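Please look over the sequence and the structure before reading on.

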Amino acid sequence: MRTSIIAAALLAGAALPLAAQSTAAVDRATAAWGRITSLRAGFQQAVTNPLTGRTETARGEYQQQGRTRLAVRFTDPAGDRIVADGKHLWLYLPSTTPGQVLRSPIGEGAGGVDVTAQFLSSPKTRFTITPQGTATVGGRAADVLLLVPKHADDRPFARATVWVDAKDGLIRQFEVTDGQGLTRKVTLTDVRVNAKVDPSAFRFSPPRGVRVVDR
């Protein structure tokens, strides 16, 4: 049954011109993003450095509440955390920088610390969007879009590829490349929209002996 549903979705997409597929996918993703008040998901991440040719992988759990609260708890490497408490963003990554935590104020932009906001905040104005066909992510049909920033002063990345769920419009996977060619690919699993979140996950207290570095 699942195979037949995915096949039907792919065939339906193929019947549209590529430009229409792109517009429809962006509209669907933007609408889905606007309905999210909270989100929980698992994630897998792969970061590839073109200079070394090495790929570092990680996994864990992701929670979001509104646009200013975020909790990323890594299970591999265990102990790493990223927390936005509504006022500050804390980066505690003992696997790579033991003994310190970075603290920065949360910006006032519409996206806040929402990870997918970088793609879905005024996407048609900010990016040249090129359809890359269709694919499946976690058994779900998705439209694949390439985003390239139009303006030099608005470049959160050099380019990004996003996989937009063909049914519910959620971004199931994204790959971001920065100006140095570093690539970060994130796949979301077990996505639960507007699910109950753990309020304690959005609180962070630096461990004893850890230096807080403001930036």
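Two strands are counted as paired if DSSP finds at least two bridges between them. The model described here is predicted.

**The sheet**

Strand E7 and strand E8, the latter covering residues 140-149, meet this condition with 9 bridges, and they run in the antiparallel sense. In general, the strands of a sheet are held in pairs by backbone hydrogen bonds, in either a parallel or an antiparallel manner.

The pair E7 and E8 belongs to an open sheet of 12 strands, whose order is E7-E8-E9-E10-E11-E1-E2-E3-E4-E5-E6-E12 and whose pairing is mixed. Strand E7 (127-137) and E12 stand at the edges; each has a single partner strand, so one side of each lacks a neighbour in the sheet. From one strand to the next, the twist averages 20°.

**Salt bridges**

The model contains 11 salt bridges.

| Pair | Closest N and O atoms |
|---|---|
| Glutamate 56 and arginine 54 | 2.8 Å |
| Arginine 103 and aspartate 214 | 2.6 Å |
| Aspartate 168 and arginine 172 | 2.5 Å |

Arginine 103 forms its salt bridge with aspartate 214. This pair links distant parts of the chain, as arginine 103 lies in strand E6 (residues 100-105) and aspartate 214 in strand E12 (residues 211-214), 111 residues apart. Arginine 103 has a relative accessible area of 23% and is therefore partly exposed, whereas aspartate 214, with 52%, is exposed.

Glutamate 56 and arginine 54 also form a salt bridge. Glutamate 56 is partly exposed, its relative accessible area being 43%. Arginine 54 reaches 52% relative accessibility and so counts as exposed.

Aspartate 168, by contrast, is partly exposed at 25%. Both residues take part in a network of salt bridges that links Arg140, Asp165, Asp168 and Arg172.

**Summary**

The predicted model thus presents an open sheet of 12 strands with mixed pairing and a count of 11 salt bridges. One of these salt bridges, between arginine 103 and aspartate 214, connects strand E6 with strand E12, and E12 stands at an edge of the sheet.

Notes: Residues numbered from 1 in each chain as written. Predicted model: local features only at pLDDT ≥ 70, side-chain atom pairs only at ≥ 80, totals over all residues. Heavy atoms only, no water. Salt bridge = Lys/Arg side-chain N within 4 Å of Asp/Glu carboxyl O. Buried < 20%, exposed > 50% of the residue type's maximum accessible area, 1.4 Å probe, protein only. Helix = DSSP H or I, 4+ residues; strand = E, 2+ residues; numbered from the N terminus. Axes fitted to C-alpha atoms, helices over the stretch in contact; angles between N-to-C directions.
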